[in-house]
Amino acid sequence: VSAMRNFPYACTFARFVRHILRNVTTWSPVGAAFNVRPQRRVELWEKNVGLFGVPELSSPGGFEVTSERALKETEQLVDTVCKNPPGASTVQAFDQLSDSLCKVADLADFIKVAHPDPAFREAAEKACLKIGTMVEKLNTNVDLCKCLKDLLDNKEVMAALDPETRRVAELFMFDFEISGIHLDEKKRRKAVNLHVKLLDLNNEFLVGSHLPNKIEKRALPEHIRHHFSLDGNYIQIGGLHAESSDELVREAAYKIFLYPNQNLMKCLDELLSCRDKLAKLVGYESFAHRALKGTMAKTPGEVTILASFATTVQFELDAAGLCILLNRYNIEPSLYSPYLSLGSCMEGLNSLFSQLLGVSFQTEQPKIGEVWSEDVRKLVRQCLSPPESSCVIFFFPQAVVHETEGLLGYIYCDFFQRLGKPHQDCHFTIRGGRRMQNGEYQLPVVVLMLNLPHPGQSAPTLLTPGMMENLFHEMGHAMHSMLGRTRYQHVTGTRCSTDFAEVPSILMEYFATDYRVVNQFARHYQTGQPLPENMVTRLCESKKVCGAADTQLQIFYAVLDQVYHGKPQNRSTTEILKKMQEKFYGLPYVPNTAWQLRFSHLVGYGAKYYSYLMSRAVASMVWRQCFFRNPLDREMGERYRREMLAHGGGKEPMLMVQGMLQKQPTIEDFVDALVSELNPDFETFFMDSEG
C-alpha cells in the first residue's frame, strides 16, 4: 500500500536513475541503491513502529518501558530456573534470561552512541546502566548459581546433553566465577559495586574518546581550515585525517585531536584501577589474567610469546626508512576511488557471498520510526512492472537470504557521516539469533556503522582503498552474525572468544585485495572500465610493505594494553605509552599528545587487544591454505561456514580453527603466520631503489 501511494514519484525517480545509469554503467539493484542519493519518502498514513520495529521505542521514554519489562521477565525466569530440576531446560531458561536482557541492552548500547537525538541517547544510556546493574547482580546470585552448579555436577544429566548445550552451561558458570560468586556476601556486594562503577567509567571514557577537540580558528593557517568542521570562532577536529594528502592537515589533526584532556586522563586512571581491584577481589593476579581466561591465548604469557617476535623479526626500520618505503609504494587514493564507488563495492560483496556461500542481499521496506537517521539506507528493488514503467524504491533494512535456507537475518547499514556520529567503523549486534521454544529461529539483527562521504549531485560516494577494505572487514562481522545458527543467543555470531571474533572480518580483507575478486566489481563510475590489474598489484605490494609497519603498530598497541591491565605501574599512562612506543615501535612519541585517550578499544577489548594479532594469524593461515588458489571456491566456502561461522561461541575456538585447517596449530604456527605477513625483502628493495 505504501509503495502504491508513492508510485508516481517512484516512477519519476526511477526514470531519473535509469537516465544516469545509462550514461555511466550498468549496475545491479544492489549497486544502484548505494550510488544514488535517495529522496525522502512522504508517509502520511503510517504509524511510527519504533526503532528496529520495537513499538515502545517510538519515543525516548520507551527505553524505560522496555527496561522495566525486561527486568520483570528476568525475575520470573529466575524463579522458574530455581524451581525446576536440572536439565537442558536449565540452560534454555538461562539463555532466555540472557536474551531478554540483551535485547534491551544491545539495542540501547548502539542507540546511546549513534542516535542524533540527545534525548534518545540519554534514555538509552540510562537503560544500559539499569540492565548492566541487573546483569552484575545476577552474576553474583548464589541461588541462581547453585541451580547451574547442580546441573554441571550431575554427570548423568550432563552426558545426555549435546556438546553445544554443555558448553553454554559452562560459559554461564564461567560468568559467575569471574564475577566473584565464590566470595562471601560482603565481598560479593563489593564486586557488584565495582562492576556498577565500571559501567559508568566505561561509558564516560567511551564517550570522551570520541569527542572532538576544539581550537581557535586563528591558530591554524587559513588554507587548511576548510578541512575541518567550523564552530563559530573555533575549529573542531574529531579525527586524525590520516587519508588527507596534505601533510600539514595530518600534522595539525594529530597534535590537536590527541592533545591531553585531563578529565579523561583521570577517568582512564580510575578505570584501570577499578579493573585491577575487581580482578584481585575475585582471585586473579591481574585484570589481564581474568580477561584472557577462556580465550585462545589462555594467559598473558601466551600473548607475550606472540608479541615477542617483534624483537626477533628483522624489521629495524626508522622513520626515514619508512618514508623511503612509502614513497616507493605511494598509493594515491584519488587514482583508485573512481573505480570504487560504494555501489560497486556492495555489488562486489553481494557477488562474492553469492558465489562463496550461496547468500545474497534482498530488500525490505522500512516503516516510519524504524531507523534513527535518514542517512541509514540499504538496497533497491525493482517493482513487478513492465520494463518501461518499472520503478525503483529505496529500502533500509537489508535482508540476507540463503539460496535454500531462506531468510537468515537483517543488516542495517549506517554508512554516512553526520554531525556527532562516532568516527569509528563498527559492527553492532542488536538482536542475537537463537532457537525459540516454538521451533522457530529468532533472526539476528545487526548494524554496520561506517563514516563515508555522502554521494554528490554528479558522483556517487567514492571509496579509498582503505575505506573499501574497512567495508569488507565490517561485512565479515555481519556475515558471521548472519550465518551463525546456534541454538543459544548467548553464543550467537560474534559472541565468541574475542581473539576468534576478528578472524572472519580480517579474512575478508584478503578477499578485498585479490584481483580475482576485485575484478568482478571495481568499475570506473563514469566509463565503466575495470580497475587495471597492475594497480591492484601495486596496492597489494604496498600493503605487504606497509603491512609490516602496521603489524608492528598492532604489536605496540597489544603490549600497551597488556601493561595497562597487568601489574599496576607507578607511572602515568602517558609515560607508559612513551616507554612502550620506544621499545616496540619505530616512530617516536610526539610530545604533548595522549593517544591512549583515543584508544576506545580499551573499553570493549580491555586486555584483549592482542586479539587482532591472533586473529590475523588465523586468517592468514585460512587464506593461504583454503582460499589462495581459488577465492571463489564454493566447496571451501561451505567448509568455512560449517567449521567456523556456524558455531559462534558454541564451540571451542581452537577446535573451529582445527576443523578449518584440518590440523591443530601451535603457537609457533601463529608466529610463523604473522612473520610471513610482514617479512618483505628490504635488502632487495633498497638495492632495487638504488638501481
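This report covers the cores, sheets and aromatic contacts of a predicted model.

## Nonpolar cores

The largest nonpolar core counts 141 residues. Ile411, Phe415, Met475 and Phe627 have the most contacts inside this core. Phe415 shows how such a residue is surrounded. Setting aside neighbours within four places in sequence, its contacts include Phe34, Leu342, Met346, Leu448 and Leu471. Lys421 and Asn451 are also in contact with Phe415.

A second core is separate and has 30 residues. Among them are Val104, Met158, Ala169 and Phe176.

Strand 1 pairs with strand 3 (residues 234-237) in the antiparallel sense, over 4 bridges. Within this sheet, Glu216 has Tyr234 of strand 3 as its bridge partner.

Strand 4 (residues 359-363) has two faces. Val359, Phe361 and Thr363 make up the covered face. Ser360 and Gln362 make up the uncovered one.

Strand 4 pairs with strand 7 (residues 398-402) in the antiparallel sense, over 5 bridges. Ser360, on the uncovered face, has Val401 in strand 7 as its bridge partner.

## Aromatic pairs

The structure holds 23 aromatic pairs. Phe556 and Tyr585 form a stacked one, with 6.1 Å centre to centre and 10 degrees between the planes. Phe556 lies in helix 22 (residues 533-564), while Tyr585 sits in the loop between helix 23 (573-584) and helix 24 (601-604), so this pair ties together parts that are 29 residues apart in sequence. Both Phe556 and Tyr585 are buried.

Trp595 and Phe599 form a tilted pair, at 4.5 Å centre to centre and 35 degrees between the planes. Trp595 is buried, with a relative accessible area of 16%. Phe599 is buried too, at 3%.

Both pairs belong to a cluster. Ring pairs link Phe556, Tyr557, Tyr585, Trp595, Phe599, Tyr605, Tyr609 and Tyr612.

## A charge over a ring

Arg598 lies over the face of Phe257. The distance from the ring centre is 3.7 Å.

Notes. Residues are numbered from 1 along each chain as its sequence is written. This is a predicted model: local features need pLDDT of at least 70, side-chain atom pairs count only at pLDDT 80 or more; totals for chains, interfaces and linings use all residues. Side-chain values use heavy atoms; hydrogens and water are left out. A nonpolar core is a set of buried Ala, Val, Leu, Ile, Met, Phe, Trp, Tyr and Cys residues joined through side-chain atoms within 4.5 Å. Buried means under 20% relative accessible area, exposed over 50%, partly exposed in between (1.4 Å probe, protein chains only). Contact means heavy atoms within 4.5 Å. Two strands pair if DSSP finds at least two bridges between them. Rings of Phe, Tyr and Trp (its six-membered ring) pair if their centres lie within 6.5 Å; planes under 30 degrees apart count as stacked, over 60 as edge-to-face and the rest as tilted. A charge sits over a ring if NZ of Lys or CZ of Arg is within 6 Å of the ring centre and within 35 degrees of the ring normal.
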